[in-house]
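Please open the model in your viewer and keep the selection panel at hand.

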Amino acid sequence: MKFSAVRRLHGEITVPGDKSISHRSVMFGSLAKGTTEIHHFLRGADCLSTISCFQAMGVAIDISGDIVIVHGNGLHGLKKPEAILDCGNSGTTTRLIAGILSAQDFEVTLTGDASIQKRPMKRIITPLSRMGARIRSLHNNDCAPLVISGSPLNGIHYLSPVASAQVKSSILLAGLYASGETRVTEPYLSRNHTELMLSSFGADVHTEETTAIIKPAKELYGQKIEVPGDISSAAFFLAAGLMIPDSEILIRGVGINPTRDGILRVCRDMGGKMELLNIRENGGEPTADILVKTSVLHGTEIGGAVIPTLIDELPMIAALACLAEGETIIRDAAELKVKESNRIEVMVRGLSAMGADVSETDDGMIIRGGKPLHGAVIDSHLDHRIAMTFAILGCCAQGETEIIGAECVNISYPRFYQDLERLTH
Ligand code: S3P
């Protein structure tokens, strides 16, 4: 797919539902007693993988447009699937389901696509095994396929070496079934959607600083959930609105949970003009409409506790920094290397191909902004966030940019290109 400079972006959009929250609503709904009704569900490939895994374990799930109805089987109602569970491209599906499966009374094999089979699973195998889980990496490489034989679990206090909501959530879900309390302490607080949503489903879970604490549950209860727009999807239009001349975009209904809103803080630091309007809350998740206008941007430094709050937005932020005056330093972001692609390497290569002055570091990158950008051929490595980042950057560069594997946006934002196109009129 090809992109070239656009004159301006103007108008209103509503981005699809939050990916993290959509996954969790199906998972917790499946484990609950009664019906869970989910509105503004993200019908992207990743969340559909979660649905098909739970359907394969005997949960009845109806989908109609962006409304999903989950007829929960109760905490102990999952059935042994007849075949291997396929998590597709989804790390969230793989790691969170592994926590749940560790406590069932059957054996399952869990796998996914080529990218999933390279992503590190030791980070969940280690803590879940300490709880008593029996998990084996089929090829002995600490990656999927994983064979999980459910067993009785005990609560632990896990000091996680990484700030990862997938790791934390996997352990907390196992903790629902463990004897005694389970605690997870992170170096920095990662997104807390699991804690908020499990609590609304009736679980005894709370947070003390960077420690999440859960007690075993007797039952969860079905809920009605309104999924906020995904700030990680809104990020592309936020950045586009700031960078492209003469632009003004209103992005409606975006989730602004403080464990996810780092991009807003960083864009403001860089001189971005953004207003949060109509702030409201649903199920503990704050939401706002975001009005963004073209701005003069300057470089910044990003590291430490803010990193988990914008981890998925770093590719777009790195691209934004190329159009800002001065230097931007991104550090403490080594986790980018183990996402759907190695996002440090892929970003540095792609930005350099477009004429940016950027260098790779051990845990991030340094971008010297303000250089004119030109079009290039960019391999997305089938990483949805890389494809969307370079599509936006292609709209700011001289000449033509071609994205290889552009269709991978169906993972998290199936109608991304149509929404972008609509804002150019
Ligand atoms: C997610 C957590 C993050 C994020 C991913 C979704 C989640 O991963 O990058 O897209 O839903 O819990 P890590 O927990 O591995 O940082």
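How do the residues of the lining of the largest cavity divide into nonpolar, polar and charged? They divide into five nonpolar, three polar and three charged, where Ala, Val, Leu, Ile, Met, Phe, Trp, Tyr, Cys and Pro count as nonpolar, Asp, Glu, Lys and Arg as charged, and the others, Gly among them, as polar.

Before selecting them, please note that this is a predicted model, in which local features need pLDDT of at least 70 and side-chain atom pairs count only at pLDDT 80 or more, while totals for chains, interfaces and linings use all residues. Residues are numbered from 1 along each chain as its sequence is written, and side-chain values use heavy atoms, with hydrogens and water left out.

**First stop: the cavity**

Select D18, I21, H193, P228, I231, G255, I256, N257, R260, E285 and P286, which line the largest cavity. Its volume is about 40 Å³. A cavity is a set of points, on a 1 Å grid over the protein atoms alone, where a 1.4 Å probe fits but cannot get out; a pocket is an open set with protein on both sides within 12 Å along at least five of seven lines; lining residues have an atom within 4 Å of a point. Grid points are joined across faces, edges and corners, and a volume is the space filled by probe spheres set on the points.

**Second stop: the largest pocket**

Next, select A165, R191, I311, D312 and K339. Of the 37 residues that line the largest pocket, these are the closest to its centre. The volume of this pocket is about 520 Å³. Helix 1, helix 3 (91–101), helix 5 and helix 11 (384–394) each give two or more residues to its lining; helices (H or I, at least four residues) and strands (E, at least two) are DSSP runs, numbered from the N terminus. By class, the lining has 10 nonpolar, 11 polar and 16 charged residues.

Helix 1 (19–31) and helix 5 (165–175) are the elements that give two or more residues to the shell around the ligand, and helix 1 supplies the largest share, three residues. Select K19, S20, R24, T92, S164, A165, Q166, R191, I311, D312 and K339 to show the residues around the ligand, each having a heavy atom within 4 Å of it.

- D312: a polar side-chain atom lies 2.7 Å from an oxygen atom of the ligand.
- A165: a backbone N or O atom lies 2.9 Å from an oxygen atom of the ligand.
- T92: a polar side-chain atom lies 3.4 Å from an oxygen atom of the ligand.

On its own the ligand has 380 Å² of accessible area, of which the protein covers 95% (Shrake-Rupley method, 1.4 Å probe).

Select N89, A114, S115, E340 and H381. Among the 17 residues that line the second largest pocket, these are the closest to its centre. This pocket holds about 300 Å³ of space.

**Last stop: a loop**

Finally, select the loop between strand 8 (134–137) and strand 9 (146–149), where P145 lies. The peptide bond from A144 to P145 is cis, with omega near 0°. N140 is in the loop between strand 8 and strand 9 as well, and its phi is near 55°, a positive value in a residue other than glycine. Most residues other than glycine have a negative phi, and most peptide bonds are trans.

Technical notes: Polar contact = N/O pair within 3.5 Å; in protein donor to acceptor, adjacent residues only side chain to side chain.
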